[in-house]
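Please take a look at the sequence and the structure below. A short report on the chain comes after them.

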Amino acid sequence: PIAYYQREASAMRVCLSSLLLTVFEVWHAHASGEIELDSPEDLANQYSNIFKTGNRNAASHLWASFILQRAGSMPSGKLGQIFHGFCAVSGSPLPDDPRTMYKATLPKVGGGTVTGVSRHCC
């Protein structure tokens with residue numbers, strides 16, 4: 001019976017340590033101002049942190065700066081997905097929706113063309 005209680009106490013210490021570590025990580029992320037960006041919706045939720053005056057007109061560079069400051073450990077696929085969250089022209093938040101996608105073919109400096117997708121609302 002004593003060995004059973006010792007194993008249970010040991011398991012409880014491991015669980016408590018794990019819980020404390022998780023709580024500390026969440027607190028540290030909050031206290032240090034780290035913001036988790038997992039989706040365009042997460043980006044839109046940061047609107048008031050990005051645009052302190054509430055004016056986002058022609059300020060797409062602020063969206064981009066906010067994302068890139070947090071991109072160091074972000075997988076490239078997630079980074080691309082988060083950049084879908086705003087109009088590069090107006091700065092308006094955009095839904096990640098096919099209706100905001102426009103095919104564009106542009107000339108290359110060395111000759112030829114390249115085709116890609118632009119996302120915008122205007």
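## Model and confidence

This is a predicted model, in which local features need pLDDT of at least 70, side-chain atom pairs count only at pLDDT 80 or more, and totals for chains, interfaces and linings use all residues. Residues are numbered from 1 along each chain as its sequence is written, and side-chain values use heavy atoms, with hydrogens and water left out.

The predictor's confidence in each residue is its pLDDT, on a scale from 0 to 100. The chain averages 80, and 74% of the residues score at least 70. Among the elements of the chain, strand β1 (residues 101-107) has the highest mean pLDDT, 93. Helix α1 (residues 2-31) has the lowest, 56. Over residues 26-32 the pLDDT stays under 50. For that stretch the model has two contacts beyond four places in sequence; a contact means heavy atoms within 4.5 Å. Where pLDDT is low, the predicted coordinates should not be read in detail.

## Overall layout

The chain has five helices and two strands. Along the sequence they follow the pattern α-α-α-α-α-β-β. Helices (H or I, at least four residues) and strands (E, at least two) are DSSP runs, numbered from the N terminus.

Of the 122 residues, 23% count as buried. Buried means under 20% relative accessible area, exposed means over 50%, and partly exposed lies in between (1.4 Å probe, protein chains only). The chain exposes about 8700 Å², and carbon and sulfur atoms supply 61% of that area. Such areas come from the Shrake-Rupley method with a 1.4 Å probe; for residues, only the protein chains shown count as cover. Among contacts with a separation of 6 or more, 44% join residues 24 or more positions apart.

## The nonpolar core

The largest nonpolar core has eleven residues: Leu37, Leu43, Ile50, Phe51, Ala59, Trp63, Phe66, Ile67, Met74, Ile82 and Phe86. Its largest share, three residues, comes from helix α4 (residues 60-68). A nonpolar core is a set of buried Ala, Val, Leu, Ile, Met, Phe, Trp, Tyr and Cys residues joined through side-chain atoms within 4.5 Å. In soluble globular proteins, nonpolar side chains tend to be buried together.

Not counting residues up to four places away in sequence, Leu43 touches Leu37, Ile50, Trp63, Phe66, Ile67, Ile82, Gly85 and Phe86.

Asp42 is found in helix α2 (residues 40-44). Asp42 is partly exposed, with a relative accessible area of 23%. Beyond its neighbours within four places, Asp42 is in contact with Glu36 and Leu37.

Leu68 lies in helix α4. At a relative accessible area of 51%, Leu68 is exposed.

Arg119 sits in strand β2 (residues 113-119). Arg119 is buried, with a relative accessible area of 15%. A polar contact of 3.3 Å joins the side chains of Arg119 and His84. A polar contact is a pair of N or O atoms within 3.5 Å; within protein, one must be able to donate a hydrogen and the other to accept it, and residues adjacent in sequence count only if both atoms are side-chain atoms. Leaving out residues up to four places away, the residues that Arg119 touches include Asp96, Asp97 and Thr100.

Thr100 is found in the loop between α5 (76-82) and β1. Thr100 counts as buried at 8% relative accessibility. Among its contacts beyond four places in sequence are Leu94, Pro95 and Ser118.

## The cysteines

How many disulfides does a search of the whole structure find? The search finds zero. A disulfide is a pair of cysteine sulfur atoms within 2.5 Å. For Cys121, the nearest cysteine sulfur is that of Cys87, 3.7 Å away. For Cys122, the nearest is also that of Cys87, at 4.0 Å. Cys121 is partly exposed at 42%, and Cys122 counts as exposed at 53%.

Cys87 lies in the loop between α5 and β1. Cys87 is buried, with a relative accessible area of 0%. Leaving aside neighbours within four places, its contacts include Ser60, Arg119, Cys121 and Cys122.
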